[in-house]
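The sequence and the structure are shown first.

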Amino acid sequence: MATIDEVWATVHALVARLDALDPDLRAKYVIERSVSCKVYDLDVVFVGRLCEEGLRDVHTETADRAQVRLSCGSDDLISLAEGRLSVPTAFATGKLRVQAGPLDLLRLRQLI
């Protein structure tokens, strides 16, 4: 199990990766949505706002009311962010759970 500091570092790396995407690509695929990632083994929920500028206002909360909700373990989140675990594999094996509308899923697929 990773520490909260390791997960925060991963979240910051993901924010930087989204910031580095071509602005035209972000504009094409991003619809403003609230996004959360529940890291269930640390009992923490990271929440942010996905918009054309990237992922903004990331903080932790106890409730998970976002429009797009992800859930995974801390080690799996780090493996996903580092590219050692692919999103389709994580989803198919139950390591990553996603709750979102069909349009959101299609658009997010283009970004990750």
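## A facing pair of residues

In this predicted model, valine 47 is placed opposite histidine 59, a residue of strand β3. The strands concerned are β2, which spans residues 44-51, and β3; they pair in the antiparallel sense over 6 bridges.

## The sheet as a whole

Strands β2 and β3 belong to an open sheet of 5 strands, arranged in the order β3-β2-β1-β4-β5. The pairing within this sheet is mixed. Its edges are formed by β3 (54-61) and β5 (96-99), each of which pairs on one side only. On average, and with direction ignored, neighbouring strands of the sheet are turned by 20° against each other.

## A helix against the sheet

Helix α1, made up of residues 4-20, packs on the sheet and touches β1 (33-39), β2 and β3. The direction of helix α1 makes an angle of about 160° with that of β3.

How many cavities of 30 Å³ or more does the model contain? The count is 1 cavity, and the largest cavity has a volume of about 70 Å³. Its lining consists of 10 residues, of which Ile31, Leu50, Asp104, Arg107 and Leu108 are the closest to the centre.

Helix α5 (residues 102-111) supplies the largest share of this lining, with 4 residues. By residue class, the lining of the largest cavity comprises 7 nonpolar and 3 charged residues, and no polar ones.

Methods:
Residues numbered from 1 in each chain as written. Predicted model: local features only at pLDDT ≥ 70, side-chain atom pairs only at ≥ 80, totals over all residues. Heavy atoms only, no water. 1 Å grid on protein atoms, 1.4 Å probe; cavity = no way out; pocket = protein on both sides within 12 Å on 5 of 7 lines; lining within 4 Å. Points joined across faces, edges and corners; volume = space filled by probe spheres on them. Helix = DSSP H or I, 4+ residues; strand = E, 2+ residues; numbered from the N terminus. Nonpolar A, V, L, I, M, F, W, Y, C, P; charged D, E, K, R; others polar. Pairing = 2+ DSSP bridges. Axes fitted to C-alpha atoms, helices over the stretch in contact; angles between N-to-C directions. Contact = heavy atoms within 4.5 Å.
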